[in-house]
Amino acid sequence: MNIAIIGAGNLGLAIAKGILSSDVIGEGKLYLTKRHAERLSVWAEKHENVCVTSDNKEAILNSEAIVLSVQPGQIKELLEEVKPVLSSKNHTIISTITGKRIYDFEGMLGSDFPIIRSMPNTAAAVGQSMTCISANVKGEAKVDVARDILGTLGEVLVIEEELMQAATVICASGIAFWMRLIRATTQGAIQLGFDAPEAQHMAVQTCLGAASLLQSGDSHPESEIDRVTTPKGCTIEGLNEMEHQGLSSALIKGLVTSFEKIDDMKKKS
């Protein structure tokens with residue numbers, strides 16, 4: 001399979017790394033496009049099956065799956081540029097663009113195109129993305145194609161499109177939220193006497209361990225909390241102080257604020 005990533009910025013390159021770590025393209029090619037393609041030359045030098053170009057039409061003409069990873073404000077101009085070489089029979093459109101609905105793409109391209117809306121996160125670069133996808137009617141037959149591509153990046157969950165905005169906040173913005181929590185834990189560990197490398201290692205591994213406990217079974221977070229809290233112990237005292245300072249409410253408010261920001265972005269576009 002030949003795949004084109006149109007707009008190889010931070011997210012596009014994270015997706016590229018995930019694809020190249022798998023065998024999804026087989027003997028095919030991965031096309032990466034960028035306005036200043038010379039900045040991607042190292043990718044072509046390191047990988048013989050990677051083609052770098054500033055010509056979006058060239059990449060699309062040579063590919064079956066088209067991953068769109070440009071900024072929301074660029075998508076209208078891009079589709080007007082490449083529409084003459086797009087074919088509803090030969091191309092599957094996979095969008096990673098925040099706030100752009102399937103309806104928006106059908107309005108620009110027509111409903112005959114298989115369109116998959118997706119939202120990977122930057123953990124795609126290490127094969128640990130949580131990617132939610134939804135499809136239009138024509139795209140339902142191509143969901144497996146999207147799974148093959150995006151499944152190399154981590155976990156894939158098919159959802160109703162009406163939930164995609166919330167999924168964007170939880171999974172894509174969520175990377176930044178979790179990074180801030182890990183950073184705060186690291187800072188606390190430094191204050192308690194550990195040097196910075198040790199503190200970060202401890203924070204990251206403990207976060208990974210907590211997630212792994214939930215992933216390995218049907219346990220609920222509160223059940224795992226109960227396992228490490230004892231009457232009048234240090235854990236419950238620390239948890240209660242964090243809640244008094246608004247830990248849970250601050251996180252929930254942050255998620256809702258990010259959700260509302262996407263609404264603002266959609267209105268402006």
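User: What is the handedness of the crossing of H4 and H5?

Analyst: This is a predicted model, in which local features need pLDDT of at least 70 and side-chain atom pairs count only at pLDDT 80 or more, while totals for chains, interfaces and linings use all residues. Residues are numbered from 1 along each chain as its sequence is written, and side-chain values use heavy atoms, with hydrogens and water left out. A crossing is left-handed if the near helix is turned anticlockwise from the far one by less than a right angle, and right-handed if clockwise; the crossing of H4 and H5 is right-handed.

User: Which residues of H5 does H4 meet?

Analyst: The axes of helix H4 (residues 75-82) and helix H5 (residues 102-109), as lines fitted to C-alpha atoms over the stretch in contact, come within 10 Å and cross at roughly 35°. Contact means heavy atoms within 4.5 Å, and on the H4 side Ile75, Lys76 and Leu79 take part. Their partners in H5 are Phe105, Met108 and Leu109.

User: Is H7 parallel or oblique to H11?

Analyst: Helix H7 (residues 164-191) packs with helix H11 (residues 247-268) at an angle of about 130°, their axes lying 10 Å apart, where angles run from 0 to 180 degrees between N-to-C directions. Angles under 35 degrees count as roughly parallel, over 145 as roughly antiparallel, 65 to 115 as roughly perpendicular and the rest as oblique. H7 is therefore, relative to H11, oblique.

User: How many residues of the contact of H7 with H11 are charged?

Analyst: Residues of H7 that meet H11 include Phe177 and Leu181, and those on the H11 side include Asp263 and Lys266. Asp, Glu, Lys and Arg count as charged, Ala, Val, Leu, Ile, Met, Phe, Trp, Tyr, Cys and Pro as nonpolar, and the others, Gly among them, as polar. The contact divides into 10 nonpolar and 4 polar residues, and the number charged is 2.

Technical notes:
Helix = DSSP H or I, 4+ residues; strand = E, 2+ residues; numbered from the N terminus.
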